[in-house]
Amino acid sequence: MISPAQTAKGAEAITSDQWHVVQSRLLHPGERRPFVRSIHSEHVDRLACRKAARALRVQLAKDWGAVPEDERDEIFVRRPGYKSLKAAKTRRDAAE
């Protein structure tokens with residue numbers, strides 16, 4: 001089950017009690033705004049979760065076309081109980 005959570009530092013996060021696929025989407029393309037994360041799907045095991053993540057990546061890649069690489073969605077596979085931040089810095093901001 002997907003539920004809200006907080007990190008040890010008090011930041012807003014999301015989690016699930018199953019393996020889950022997290023999609024991180026840029027809120028305002030072209031701007032240096034944060035990525036907003038959401039749980040795309042939940043699965044009973046890691047293998048099923050990885051398959052779903054790959055399928056989602058293929059589906060999204062069709063729409064990316066001319067979208068710059070640092071503005072494309074990120075896809076993560078997370079274990080049960082893993083807390084993912086609801087919002088994260090852009091790749092450019094994290095590298096600085």
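Colleague: Which residues does I75 touch, not counting residues up to four places away in sequence?

Modeller: Bear in mind throughout that this is a predicted model. For a contact, one asks whether heavy atoms come within 4.5 Å. In this case I75 touches V21, V22 and Q23, and also A53, L56, R57 and L60, once residues up to four places away in sequence are set aside.

Colleague: Which residues make up the largest nonpolar core?

Modeller: A core of this kind joins buried nonpolar residues through side-chain atoms within 4.5 Å. Here the largest one has 7 residues in all, namely V21, C49, A53, L56, L60, W64 and I75, and helix α1 gives the most to this core, with 5 residues. The helix itself, residues 46–64, lies across β3, β4 and β5 and runs at about 25° to β3.

Colleague: Is E74 buried or exposed?

Modeller: The cut-off matters for this step, since buried means under 20% relative accessible area. E74, which lies in strand β5, has a relative accessible area of 18% and is therefore buried. The C-alpha atoms of E74 and L26 are 9.0 Å apart in space, while the two residues are 48 residues apart in sequence.

Colleague: How should I read the pairing of strands, and which strands are joined to β3 by bridges?

Modeller: As a general idea, strands of a sheet pair through backbone hydrogen bonds, in either a parallel or an antiparallel sense. In this model 8 bridges join β3 to strand β4, residues 35–43, and the two run antiparallel; within this pair L26 stands opposite F35. A further 5 bridges join β3 to strand β5, residues 74–78, again antiparallel, and there H20 stands opposite R78.

Colleague: In what order do the strands of that open sheet stand?

Modeller: The sheet has 4 strands in the order β5-β3-β4-β7, with antiparallel pairing. Strands β5 and β7 (87–88) stand at the edges with a single partner strand each, so one side of each is left without a neighbour in the sheet. The link from β4 to β7 consists of 2 bridges and is antiparallel, with V36 opposite A87.

Colleague: Which strands form the open sheet of 3 strands?

Modeller: That open sheet has the order β1-β2-β6, and its pairing is antiparallel. Its edges are β1 (2–6) and β6 (84–85), each with a single partner strand, so one side of each lacks a neighbour in the sheet. Strand β2, residues 12–16, pairs with β6 over 2 bridges, and I14 stands opposite S84.

Colleague: What pattern does the protein chain follow along the sequence?

Modeller: Read in that direction, the pattern is β-β-β-β-α-β-β-β-α, which comes to 2 helices and 7 strands. Among contacts with a separation of 6 or more, 60% are accounted for by residues 24 or more positions apart. Buried residues make up 31% of the 96 residues, and the accessible surface comes to about 6300 Å², of which 52% belongs to carbon and sulfur atoms.

Definitions and conventions. Residues numbered from 1 in each chain as written. Predicted model: local features only at pLDDT ≥ 70, side-chain atom pairs only at ≥ 80, totals over all residues. Heavy atoms only, no water. Pairing = 2+ DSSP bridges. Axes fitted to C-alpha atoms, helices over the stretch in contact; angles between N-to-C directions. Buried < 20%, exposed > 50% of the residue type's maximum accessible area, 1.4 Å probe, protein only. Areas by Shrake-Rupley, 256 points an atom, 1.4 Å probe, with all protein chains shown as cover.
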